[in-house]
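Colleague: I would like to learn how to read this model, feature by feature. Can you take me through it?

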Amino acid sequence: MQRPIAFAASQRLATLAMAATLVATLSGGVSSAFAADAGAAQAQPESDRVLSGDQIQQRVWGHRVHGAMANGQSYDETYANDGKIQGDGYTGQAKIVDDRMCFDYGSDSVECYGVRAAGDDRIEWLKQGEVAGEGVIEAPAQ
């Protein structure tokens, strides 16, 4: 004959709490909440963040960048450490203004873009928070 198992009231409550936690975890409730908290606590990876002016100079200046803008225009430019721009058959001057890279090709208008890291060697040009172009960063040809 089997004897019924007797639990004290505190043991029953603890057992019920563990069972509720297990059910919530298996259904995604508790684990989702923990995952959301863990995700919020982690900083954005370096490869997916908007760069400051100093970071733009470190990452872009002194390098060749080639890619395309959202309007379909491709580009291939080298940005010297002093901001001088060298393209195929043209030159310009870049400067950093309010954490944006501004391009002056000698016309009346100067275009400024935020820069977001999109990988170790990739960037996105941002205009009013929207992606306006992309580029691959390489060492300049010697």
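This is a predicted model: local features need pLDDT of at least 70, side-chain atom pairs count only at pLDDT 80 or more; totals for chains, interfaces and linings use all residues.

Colleague: How many helices and strands does the chain have?

Modeller: Helices (H or I, at least four residues) and strands (E, at least two) are DSSP runs, numbered from the N terminus. This chain has 3 helices and 8 strands. From the N terminus on, the order is α-α-α-β-β-β-β-β-β-β-β.

Colleague: In what order do the strands close into a barrel?

Modeller: First the rule: two strands pair if DSSP finds at least two bridges between them. Here 8 strands close into a barrel in the order β1-β2-β3-β4-β5-β6-β7-β8, and the pairing is antiparallel. The twist averages 35 degrees from one strand to the next. For such angles, axes are lines fitted to C-alpha atoms, for helices over the stretch in contact, and angles run from 0 to 180 degrees between N-to-C directions.

Colleague: Which strands pair with β1?

Modeller: Strand β1 (residues 63-69) is joined to β2 by 6 bridges, running antiparallel. G67 has Y75 in β2 as its bridge partner. The hairpin of β1 and β2 has 4 residues between the strands, and G72 there takes a positive phi near 95 degrees. β1 also pairs with strand β8 (residues 130-138), in the antiparallel sense, over 6 bridges. There M69 stands opposite G133.

Colleague: And what joins β6 to its partners?

Modeller: β5 and β6 run antiparallel, joined by 3 bridges. F103 stands opposite E111 in β6. On to β7 (residues 122-127): 4 bridges join β6 to this strand, again antiparallel. V115 has W125 as its bridge partner, and R116 has E124. The hairpin of β6 and β7 has 4 residues between the strands, with G119 at a positive phi near 140 degrees.

Colleague: How many residues of β6 are buried?

Modeller: Buried means under 20% relative accessible area, exposed over 50%, partly exposed in between (1.4 Å probe, protein chains only). β6 is mostly covered, with 5 of its 7 residues buried. Across the chain of 142 residues, buried ones make up 25%.

Colleague: Which cysteines does the disulfide join?

Modeller: A disulfide is a pair of cysteine sulfur atoms within 2.5 Å. The structure holds 1. This disulfide joins C102 to C112, S to S 2.0 Å. The link is right-handed, with 110 degrees about the S-S bond. C102 is in strand β5 and C112 in strand β6, 10 residues apart, and the pair links distant parts of the chain. Both cysteines are buried.

Colleague: How many aromatic pairs are there?

Modeller: Rings of Phe, Tyr and Trp (its six-membered ring) pair if their centres lie within 6.5 Å; planes under 30 degrees apart count as stacked, over 60 as edge-to-face and the rest as tilted. The count here comes to 6 aromatic pairs. Take F103 and Y105: their ring centres are 6.2 Å apart and their planes are at 10 degrees, so the pair is stacked. F103 is buried, at 5% relative accessible area. Y105 is partly exposed, at 38%.

Colleague: What type of pair do F103 and Y113 form?

Modeller: F103 and Y113 are edge-to-face, 5.9 Å centre to centre with 70 degrees between the planes. F103 lies in β5 (residues 100-104) and Y113 in β6 (residues 111-117), so the pair ties together parts 10 residues apart in sequence. F103 and Y113 are both buried. Ring pairs link Y79, Y90, F103, Y105, Y113 and W125 into a cluster.

Colleague: Which charged residue sits over the ring of Y113?

Modeller: A charge sits over a ring if NZ of Lys or CZ of Arg is within 6 Å of the ring centre and within 35 degrees of the ring normal. The charged end of K127 sits over the Y113 ring, 4.8 Å from its centre.

Colleague: Last one. Is D82 buried or exposed?

Modeller: D82 is exposed, with a relative accessible area of 56%. Its place is in the loop between β2 (74-79) and β3 (84-87). Contact means heavy atoms within 4.5 Å. Not counting residues up to four places away in sequence, D82 touches W61 and Q93.

Note on methods
Residues are numbered from 1 along each chain as its sequence is written. Side-chain values use heavy atoms; hydrogens and water are left out.
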